[in-house]
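Dear colleague,

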Amino acid sequence: MTTTTQTTCPYCGVGCGVTATLDGDNAVSIAGDGQHPSNKGSLCSKGTALADTVDLGGRLLHPRVDGVRADWDTALARVASGFADTIAEHGPDAVAFYVSGQLLTEDYYIANKLMKGYIGSANIDTNSRLCMSSAVAGHKRAFGEDVVPGCYDDLEAADLVVLVGSNTAWCHPVVYQRLMAAREADPNKKLVVIDPRRTATADTADLHLPLAPGTDVALFNGLLAYLANNGFTTDLPGGAEAIAAAGPGRDIQGGDIATVAEAVGVDDADLQTFFEWFAATERTVTVFSQGVNQSSAGTDKVNAIINCHLLTERIGKPGACPFSITGQPNAMGGREVGGLSSTLAAHMGFDQADTVQRFWDSPAIAREPGLKALELFEAIEAGQVKAVWIMATNPLVSLPDADRAKAALEQCPLVVVSDVMRHTDTADLADVLLPAAAWAEKTGTVTNSERMISRQRAFLPMPGQARADWAIMCDVAQRMGFADGFVYEGPAAIFREHAALTAFENDGDRVLNLAGLADLSEADYDYLAPTRWPVTTCQPLRAAGAMPARQGVDQLFADGTYPTADGQAHLVAVTPRGPANAVSADYPLALNTGRIRDHWHTMTRTAKSPRLAAHIPEPFVEIHPADAELYGITDGALATITTAWGQAALRVITTERQRQGCLFAPMHWNDQFASSARIGTAANPAVCPISGEPEFKHTPAAIAPLAATWYGFIYAVRPLWVRAMAGIDWWIKVPGERFVRYEIAGCETPTDLKTTARHWLGVAARDVDWLEAADPAAGTYRAAHVDAGHLEAAVFIAPTPERLPERSWLAGCFTGQAMTEAERAAVLAGRPADASADTGPQVCSCFGVGRKTILRAIKSDGLDSVEAVGRALEAGTNCGSCKPEIAELLSQADKA
Amino acid sequence: MHDNHQPKLDLVVIGNGMAGLRVIEDLLEIAPERYNIIVFGAEPHASYNRIMLSPVLAGDKAFADIQIHDRRWYEANGITLYTGEAVATIDRRRRMVISAEGREVGYDRLVLATGSRPFIIPVPGHDRPGVISFRDITDVDDMVKASENGGKAVVIGGGLLGLEAAYGLHKRGMDVTIVHLMDQLMERQLDPAAAALLQHSLAQRGLSFRMGAETAAITGDDAGHVNGLRFKDADDSTLDADLVVMAVGIRPNIDLAKASGLHCDKGIVVNDTMQTYDPRIYAVGECVEHRKAVYGLVAPLWDQAKVCANHLAWRGHSQYDGSVTATQLKVTGIDMYSAGDFADDEAADTLTYADIRRGVYKRIVLREGRIAGVVLYGDTRDGPWYFKHMQAGTDVSAFRDLLLFGKAFVETGADETADEHDAEAA
């Protein structure tokens, strides 16, 4: 019996529909949902590998209080009393929630309602602050509301797509695939990629502008001035000021392409081409992502882009809009419920606090914005916030200056963490650890980058004592005495309330309006087809087996009316400014952090999939070859990246894809998977003054070779003991099909490698199932632990990386089967014996000549006597005891 | 090129063992017409492969299997063979040898290949009936006979020969204890780790050990026949024995050479062309001392015989530089290989491989990047390959990291593989 469930991918903001099929043995298989309008059946590598990630390995299955397993009652009581007591003693602003774009809209809604309407503080912020709060702020300045005007269809309809600060091919692969397919269908469509790095996305562009880090405003101001000089005019508010700020008389001579090109660090002719294409192409979509948002000028960058679209009136039309694409599956849903500390609820601000309180009928209401992510952790550090509840996110990895956040949490009186994993860098600091339901077990909705609300449907039961986030929060709320506001039958009821709030006293002043969904029955909710907001009227919404009739509006603002006070869109005058912290003599390089194709966030999910881990198995730093030479580091070696805030030690990749003067390091690796790859510790905590979004794309950094005296790797069927890893200076962990691989290195070679290696692998000294090859003088040591013929673990140590064997052959030894004799003999060599050197069973033991060797020689050299064999191979010429066997082989060969 | 019509010279070879015979074989190959060859052998047999005595004792081979040449071969090659007839005297002035039976044979050239004698520890009772050594086929016959009634055997000496004797007697049904002075077996060829593996493996086969035990006396019954051993220890402990085999080493057999005034030290001293202090007299094999070294293994003997034969054939001046030796233990199912010097000191780099569960151990000692010694246990197939590199003085630095894994991992693509299937099918 198989069952198939339509649900939504939990990774990026593309929001692909997936079908999850359970066969009779509860084995999960995943496919793209052909009925989902966002992906139309496509999935990327991460989505395709989702089935690899739904196992219970490493799952948190029970509540834990103070490091000890506890029952729910104890845990909930501790959270409720902890928060209530703190509020009673220090006021509502002494507590905070730090939530996540991984939460479902229903979870998010409850969190926001509890904090803002019942606790009465706006101290709820989200990891969306780190990825797209600049887009939110930019949208509000330009449109009056955080609204993405277009949809993915616009990318296909556009004649020019400009990707800014977006490695779409890796970070939003299905959108990228749709774009590529459209270009294939119509080769006249042009793609421009604006990114300091020559990414995989840039490879396929018609034009790549590798701008200097942080110069986006200069570039788009230049474009705005160029457009203004070439006949585009606007009467919109702020238009004249924006053009004036961008144009002649300002620091950047907008009309002068050469000046702009120099400021931006790109080729004149390329810049001219881009300006000409943009000016000439009516159907232009500008997609921007973290490369724009994660900046101390992030909001200005967003508006610099939007300015160009407003000036050219390329908004609200098919194939024409500025398009923020989000990083997380439900960053948009979080924005909709108001899960950022800078908004109140349902796209209403604090000026509408009374409205919201009236709707909630709540005892309190937050009337002032709360703490933004970094401010929140600073307040924890300062002791102002004394109780924090972190849900579905891992800030010790994802925040900048992450060790400061760690120190803050370490001294915070109450840290509650809801997560699906037993160990994350953040969960390890929790006073109370609550087991949350994971993707495959959750029921609710998410909203993707194109305003599409999709159902996430559970297809696996919740394991252990795991519970839905909304249910956990409702229980806590009730225990805090807020029973009235937190009794829900299920997620559908929460969704209806959320939809009703968007419609509450909404006379069209808020674009976000889900009035048409406020009365969904349970069944309607269950079968809700992907639906784009706004949804103001009730219509049949069930997916009926075919592509459903879509609700909502594909292109907003087509009528030129905006949810601003004056009903018009606003251009915003912006002036270029450099990154908050400039490079210096001590920190001469610009460190940029970001995603890679096959990992997601802090790897809690993707690291479970060997095929995903295989794409880029190790945390790395990319550097231009000229810089590598300058700083004395080599490709494949290890290097330490140091900033004024922290450091990381990573594998070096030298590549001309990287601009000179820039470094790139992935954001994913953390203390669960590496000793010192948590790049967030090195990122500067500078933020955009408007959005509060951190400047991950530019931290002044220095790079130096890591002075390792030894390198090595370990293969183990089971992960090593944490305590054993503590003794290894540098390590990273790579999941494999039936093993875990560790790359290791150290700055002081252990004197007794044998004892050390046994300690690492947890193999007792008396255990004789231990193979080893030692050359202490050379500093090499290789060992393997074998149990009943099965390879359990292997460790290889050498003074240089080149003296270690290839990893791939060894990986193949972990078959789940007992090793063959040949594999056992070869395992420490790290590679198979040369096949032709297979001598066969020994015939002459004096000279080590085997049966196969003799047979080969008889055949190839035409040997016809025992003496001839002896002359050719020495066989039989010492003790002579094998001569009869050689004679026998000769007669065999003769007969053959 | 010498004159083929020159009258033949008389070459007398004293010793019909492997060394003497090898000189003759080599000589027949390169200068068959040069000499009348006369051979004296003290043993009664034509010739046999002495290093295969252990398999005969163990019953793995019969005496017929290890015979090298029968009398017809000597006849066919015009060699005069006197067996069971030791030479008593060499009259160097008259260039004459005189046998124990009084036969006088003149020589132009003489080769001494008198081999070695087992060393007998001079403890009280060492000459009792039932105390034997392990040197020749007679000893093997005696042991086989003694084992026919089962009983207890004691082998004194945990070296190569002692272990092979012990294993052979065990296979023939005796209850065997090995008594060894040192705490480890084969201390000259093995390091402690390999020796422990070996002892474990032999113990599993049913052999018993008294390690670190020094024999005080060999005791006897009323008839004088051996009945046990008494040890030099605090409580004068004893061990019952129906048979005692002394296998504590060999000494070069130099009595004849010494008596005839040839310079001897530990052995008969020879130069690099295997000549003694009397240039008409050569010496080869275990009786020889060359550059202070005395050998007890077969490989050096081949090298010496070749040089000796060349010189006798007037084939210029190939010379003997000494041998690096390798040892293997001929005990079924036990693979052990040892060669060179594996002492561990400051200047030596020691590489080890161990797979104790599978009974594999390897130790390679490098000096200045070259193999100085190798001990292999359990997997000896690369022994000769290491030995070759050791002899050649190959700088192994380039493949040092794979050295322990042997030829198959270091030499790749050396052979074509396409034929393999055919060859196997054949």
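How many bridges join β19(A) to strand β24 of chain A, and do these strands run parallel or antiparallel? Please bear in mind that the model is predicted. Strand β24 of chain A, residues 699-705, runs antiparallel to β19(A), and three bridges join them. Within this pairing, Pro700(A) of β24(A) stands opposite Ala590(A).

β19(A) is also joined to strand β23 of chain A, residues 662-666, here by five bridges and in a parallel arrangement. Leu591(A) has Leu663(A) as its bridge partner in β23(A).

Strand β19 itself spans residues 589-594 of chain A and is mostly covered, with six of its six residues buried. In a regular strand, side chains alternate between the two faces of the sheet. In β19(A), Leu589(A), Leu591(A) and Thr593(A) point one way, while Ala590(A), Asn592(A) and Gly594(A) point the other way, and all are buried.

Beyond its neighbours within four places in sequence, Val245(B) is in contact with several residues, including Ile132(B), Phe134(B), Met143(B) and Ala165(B).

Finally, chain B is divided into domain 1 (9-117 + 251-312), domain 2 (131-248) and domain 3 (335-410). The C-alpha centres of domain 1 and domain 3 of chain B lie 34 Å apart.

Yours sincerely

Definitions and conventions:
Residues are numbered from 1 along each chain as its sequence is written. Chains are lettered from A and ligands numbered from 1 in the order in which they are written. This is a predicted model: local features need pLDDT of at least 70, side-chain atom pairs count only at pLDDT 80 or more; totals for chains, interfaces and linings use all residues. Two residues are in contact if their C-beta atoms, placed from the backbone, lie within 7 Å. Domain bounds come from an automatic or database domain assignment. A residue is buried if 20 or more other C-beta atoms lie within 10 Å of its own, exposed if 12 or fewer, and partly exposed in between; C-beta atoms are placed from the backbone. Helices (H or I, at least four residues) and strands (E, at least two) are DSSP runs, numbered from the N terminus. Two strands pair if DSSP finds at least two bridges between them.
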